[in-house]
Amino acid sequence: MKLVIVAVGLRVPDWAQTAYDDYAKRFPAELRVELRAVKTEPRGSRTVAQMQAAERERIETAIASAVGRNARVVALDERGSTLTTQALATRLTTWQREGDGVALVIGGPDGLEPAFRQGAHERIRLSDMTLPHAMARVLLIEQLYRAWSINANHPYHRE
C-alpha cells in the first residue's frame with residue numbers, strides 16, 4: 001500500500017520540516033509515507049472559489065501521479081469525523097488490507113474546495129482547534145506513525 005500526504009503549501013518552517021522528516025523516516029519499508037506538496041494559489045484578485053478550484057487541480061494531479069486515479073482519498077476537514085488514535089490504527093489496517101493507495105489531503109489557507117471535500121471517500125479531522133498547516137502535517141504523520149506502532153505492537157504507543 002502506498003500512503004501519500006498531499007498538502008497545499010510548498011514551504012513550511014524548518015522546525016516543522018525537521019519534525020515531519022523525523023517521523024517519516026521511522027516507518028518500515030513496507031509502509032512508507034510520501035509527502036507531495038502543491039503550490040498555494042496566489043490571492044491576487046481571485047475569489048476563494050477560484051483559488052480552491054486551482055488548488056484542487058494541483059491536488060488531483062498530485063494524487064494521480066503518486067498513487068493513481070483509484071486512490072482512496074481522505075480529506076482532512078474541520079467538519080470531518082473525529083477519530084481516536086486506536087480508530088486510526090484500525091483504519092490503517094483496513095487500508096493496508098485493501099491494498100490501494102491512500103491520499104490524505106491537507107487543504108490550503110482557505111481549505112479544500114467543497115465539491116472535492118464531499119467527493120472524498122472519507123473526511124477526518126485532527127483537532128477541534130484550528131491548526132497551522134505546518135502543524136497539521138506534523139500531527140498527521142505522528143498519528144500515522146502511532147497508528148502503525150499500535151498495529152505492529154511497537155512500544156511507541158502506550159495506553
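Which residue in β2 does valine 4 stand opposite? Select valine 4 and look across: glutamate 34 stands there.

Before moving on, note that this is a predicted model, where local features need pLDDT of at least 70, side-chain atom pairs count only at pLDDT 80 or more, and totals for chains, interfaces and linings use all residues. Residues are numbered from 1 along each chain as its sequence is written, and side-chain values use heavy atoms, without hydrogens and water.

**The sheet**

Select strand β1, residues 3–8. Strands (E, at least two residues) and helices (H or I, at least four) are DSSP runs, numbered from the N terminus. β1 pairs with β2 in the parallel sense, over 6 bridges. Pairing requires that DSSP finds at least two bridges between two strands.

Now show the 5 strands of the open sheet. Their order is β2-β1-β4-β3-β5, with parallel pairing.

**Helix α3**

Next, select residues 85–98, helix α3. Its 14 residues should span 20 Å at 1.5 Å a residue, and the end C-alpha atoms are 20 Å apart, which agrees. The expected span is 1.5 Å times one less than the number of residues.

Colour Thr85, Leu88, Ala89, Leu92 and Trp95: these are the buried residues of α3. Buried means under 20% relative accessible area (1.4 Å probe, protein chains only). They pack against β1, β3 (72–82), β4 (102–106), β5 and α5 (133–151). Contact means heavy atoms within 4.5 Å.

Last stop: glycine 99, which follows α3. Its phi is positive, near 80°.

Technical notes. Buried means under 20% relative accessible area, exposed over 50%, partly exposed in between (1.4 Å probe, protein chains only).
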